[in-house]
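Please look over the sequence and the structure shown here, and then read the briefing that follows them.

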Amino acid sequence: MRAARFHARKDIRIDDIPEPELLPGTVTIDVAWCGICGTDLHEYLEGPIFVPPAGHPHPISGESAPVTMGHEFSGTITELGDGVSDLEVGQNVVVEPYIIADDVDTGPGQSYQLSENMNFIGLGGRGGGLSEKIVVQRRWVHPIGDIPLDQAALIEPLSVAHHAVVRSDAGAGQIAVVGGAGPIGLLTAAVLKAKGLTVYVSELSEARKEMALSTGVADEVLDPRESDVAEAVRERTDGRGADVGFECSSVPAVLDMLIDATRPGGVIVNVSIWGHKPEVDMPKLVLKEIDLRGTIGYSGDHPETIRLAADGTIDLSAFITARIGLDELISGGFDELINNNEQHVKIIVDPRA
């Protein structure tokens, strides 16, 4: 079968590789659509980061570069391994793309995303969504009912956003500021609106500003070139400031803005992956007793995010800005997101096209 594999920085190739082997406790999935994630772009431009370098296999997967990429994907079950009795051939599913040791408890309430040597399918080995087929352990497979398969490819990033909102303890009636209207920022705003918050988004890009407004995920978009965003938030909250802030840009100035815009005693969740260590205004953080929290991945978030998409609370179709085939991955996908990112939110790939 064909697969997009990371060999080295700026070296992703469409290779012919053997189809994966069905094992006990696993399922085979024909991949329908796979999204290109910001993490994939970081690997392409700066990696290997999550990808184990050639000759240095991951301690759980046992694999190193070259590895098949893609961790935001949907598909249809075609085979069930021995011991899998609660799924059916023909079911449409998404995958929670973790590589986690078999003895880690992934049950409700467990923070398994923090387990030792955690990595992701499509980065650390075990196949990936940028291929025609994948074999996945049963515990990571989630049926999606009638959600269209193209939209379902966005369940994974929506789960990232959902987990960040859970980490914030945000509740209905509160005020939130989202710094950055890229894919994760927009989906974080969507989850916040679904939970009944008022959402202000800070963004420079005209296309992304329009996306935040047209999808209804932002009550207002504030452009830092036009006004002081933190001051604007205070004006709209009778001088109080936002209850929660979300850093979704990995831009130091955005983190500074959030510390300024968030009320004393409020919470800021850092959602973005940083490629460098930013300076943090610790004196202001301390004097305002702001709680700065990290977040990575998700744990137990997929069922709720699937429900939000299934019942129409969040319309994922609005965030898909291009559909391409595997042969277009670099020219129509990576290059577009790197050089023309203001025009795109999520590009999804059909690995069979």
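Tyr-98 and Tyr-298 are both buried, where buried means under 20% relative accessible area, exposed over 50% and partly exposed in between, with a 1.4 Å probe and protein chains only. This is a predicted model, in which local features need pLDDT of at least 70, side-chain atom pairs count only at pLDDT 80 or more, and totals for chains, interfaces and linings use all residues. Residues are numbered from 1 along each chain as its sequence is written, and side-chain values use heavy atoms, with hydrogens and water left out.

**Aromatic pairs**

- A search of the whole structure finds seven aromatic pairs, counted when the ring centres of Phe, Tyr and Trp (its six-membered ring) lie within 6.5 Å, with planes under 30 degrees apart called stacked, over 60 edge-to-face and the rest tilted.
- Tyr-98 and Trp-140 form an edge-to-face pair, at 5.6 Å centre to centre with 65° between the planes.
- That pair joins strand β7 (residues 98-99) to the loop between β9 (133-137) and β10 (141-143), 42 residues apart, helices (H or I, at least four residues) and strands (E, at least two) being DSSP runs numbered from the N terminus.
- Tyr-98 has a relative accessible area of 0%, and Trp-140, at 1%, also counts as buried.
- Tyr-98 and Tyr-298 form a tilted pair, at 5.1 Å centre to centre with 55° between the planes.
- One aromatic cluster is formed by Phe-50, Tyr-98, Tyr-112, Phe-120, Trp-140 and Tyr-298.

**Helix α10**

- The buried residues of α10 (residues 329-339) are Leu-329, Gly-332, Gly-333, Phe-334 and Leu-337.
- The face turned away from the buried side of α10 carries the exposed residues Ser-331 and Asn-339.
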